[in-house]
Amino acid sequence: MKKLFLVTETFPYGTAEKTFILPELPELLKYYDVTIISHASETVVNDIENISVLPPEVKIVNLDIKMPRYRQIKYFIRFFLDRDGLKETKEILKSRKNILQRLYQSIGFYGLAMENFRLMDSMSLLVKDEEAIYYSYWYFYYTYSVTKNRKLFPNMKLITRTHGFDLYDERYTGTRQPFKRIMDKNIDRIFFISQQGKGYYLNRYNITDCEKYIVSRLGTMRTGDLSDTGRRENEKFRLVSCSSVIPLKRVDLIAQALYELTDEIEWIHFGSGSEFNRLVEQADELLKSRCNISYQFKGFVSNRQILEYYSTNYVDCFISTSSSEGIPISIQEAMSFGIPIIATAVGGVPELIENNGILMNANPSREEVSNAISRMLHLNRHEYEFLREQSFRIWQERYNAEVNRVKFVCAINKLYN
């Protein structure tokens with residue numbers, strides 16, 4: 001078996017990547033000897049309750065990068081002596097935007113990449129003449145650490161996925177993605193989780209499309225059965241949202257929209273974050289006196305619990321008011337249970353909405369959100385059941401992780417064929 005190095009941010013530690021990577025791992029193990037190179041902090045590694053249980057043949061290496069001051073200075077100087085660093089500097093100066101912030105980000109990115117490679121080299125993880133695949137789950141500094149040294153490994157293939165923070169300029173500090181033009185030239189395959197993401201990348205860097213750039217959707221695993229689609233078990237229209245409670249997600253917009261409605265509605269939100277307490281306060285202020293609206297904020301719950309909820313409770317509609325997305329797993333999970341969707345036209349979200357819900361503007365007013373909820377609520381039974389059927393069909397055809405992981409690994413296997 002060829003070796004495959006799966007390079008992650010924290011997996012198998014923590015919860016952030018678990019939903020994405022676990023469904024893919026069994027298919028990779030059919031063809032490759034897998035070593036996971038994680039970059040989890042000591043705190044995350046020691047969170048024993050949230051360590052994913054993996055097959056015994058999977059090897060795990062964790063690189064918790066902690067750079068002493070002298071190495072930071074060393075990489076700072078090397079950045080301005082390196083051809084790549086000079087290219088970055090030239091491009092940043094030419095942009096005339098956020099120059100100091102962007103330089104700071106690029107220098108830090110460069111230092112992390114150099115240190116990452118130094119640690120891998122000290123552990124002899126990558127063997128020069130060995131056939132292997134270096135699979136970077138995110139298009140990040142650990143991708144650059146190998147593209148930078150690509151000539152040392154002539155028999156190694158380098159691939160990367162790219163999602164959101166590692167793709168879109170507005171999602172990265174300084175509103176610019178470091179080293180993307182430089183990395184691109186030395187990568188064998190770049191996998192995008194949405195068609196929109198691929199289009200954004202090709203347009204952003206003026207690249208001509210070719211077989212190197214592939215749309216490979218992630219998808220979700222559905223556990224449990226579809227709830228009874230023939231009837232609503234609750235008297236109130238049940239609306240569910242699931243996201244971090246941070247400014248980017250604009251969950252407060254849902255509360256504002258519900259204030260405008262007189263229909264009987266039950267709103268349930270899964271997720272917590274920096275704005276959670278503020279959201280609760282705002283919802284209480286707006287909705288507590290509205291007898292027609294009930295609401296629950298569940299806070300952080302595990303992915304398993306959310307799927308169990310969908311399986312055992314009839315949900316009339318899922319809503320997202322986010323201002324930026326890749327192609328959200330939360331929406332895909334709701335669709336796997338035949339739940340119609342209301343969402344904003346950001347990132348790859350429009351690819352999820354096809355006669356199975358309502359697509360709002362990227363920056364909707366609270367009136368637009370309330371109108372969307374009202375439209376969904378007042379659909380006749382035939383129209384509404386059609387949306388449920390469409391949601392499940394789209395998930396089954398495009399976002400079923402069991403199907404998509406086979407397609408993805410087939411694409412990897414072709415690298416050596």
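The largest cavity of this predicted model has a volume of about 70 Å³. A cavity is defined on a 1 Å grid over the protein atoms alone, as a set of points where a 1.4 Å probe fits but cannot get out. Grid points are joined across faces, edges and corners, and a volume is the space filled by probe spheres set on the points. The model is predicted, and local features need pLDDT of at least 70, side-chain atom pairs count only at pLDDT 80 or more, and totals for chains, interfaces and linings use all residues. Residues are numbered from 1 along each chain as its sequence is written, and side-chain values use heavy atoms, with hydrogens and water left out.

The lining of the largest cavity consists of T19, F20, P23, E24, R161, R217, L218, G219, A401, N404, R405 and F408; a lining residue has an atom within 4 Å of a point. Helices (H or I, at least four residues) and strands (E, at least two) are DSSP runs, numbered from the N terminus. By class, this lining divides into five nonpolar, three polar and four charged residues. Here Ala, Val, Leu, Ile, Met, Phe, Trp, Tyr, Cys and Pro count as nonpolar, Asp, Glu, Lys and Arg as charged, and the others, Gly among them, as polar.

The structure holds two cavities of 30 Å³ or more.

Open spaces are treated separately: a pocket is an open set of points with protein on both sides within 12 Å along at least five of seven lines. The second largest pocket contains about 340 Å³ of space. Of the 16 residues that line this pocket, M67, Q72, Y104, I107 and G108 are the closest to its centre. Helices α4 (69-81) and α6 (99-122) are the elements that give two or more residues to the lining, and α6 provides the largest share, seven residues. Eleven of the lining residues are nonpolar, four are polar and one is charged.

In the largest nonpolar core, which has 95 residues, Y134 and Y310 touch the most other members. Helix α6 gives the most to this core, with nine residues. A second, separate core of 33 residues includes V245, L253, L261 and I319. Such a core is a set of buried Ala, Val, Leu, Ile, Met, Phe, Trp, Tyr and Cys residues joined through side-chain atoms within 4.5 Å, where buried means under 20% relative accessible area, exposed over 50%, and partly exposed in between (1.4 Å probe, protein chains only).

Turning to the strands, β9 (residues 265-270) and β10 (residues 293-299) run parallel and are joined by six bridges; two strands pair if DSSP finds at least two bridges between them. F270 stands opposite G299 in β10. The covered face of β10 carries I293, Y295, F297 and G299, while S294, Q296 and K298 form the uncovered one. Together with helix α11 (residues 276-287), β9 and β10 make a right-handed β-α-β unit. Right-handed here means that, with the strands pointing away from the viewer, the path from the first strand over the helix to the second runs clockwise.
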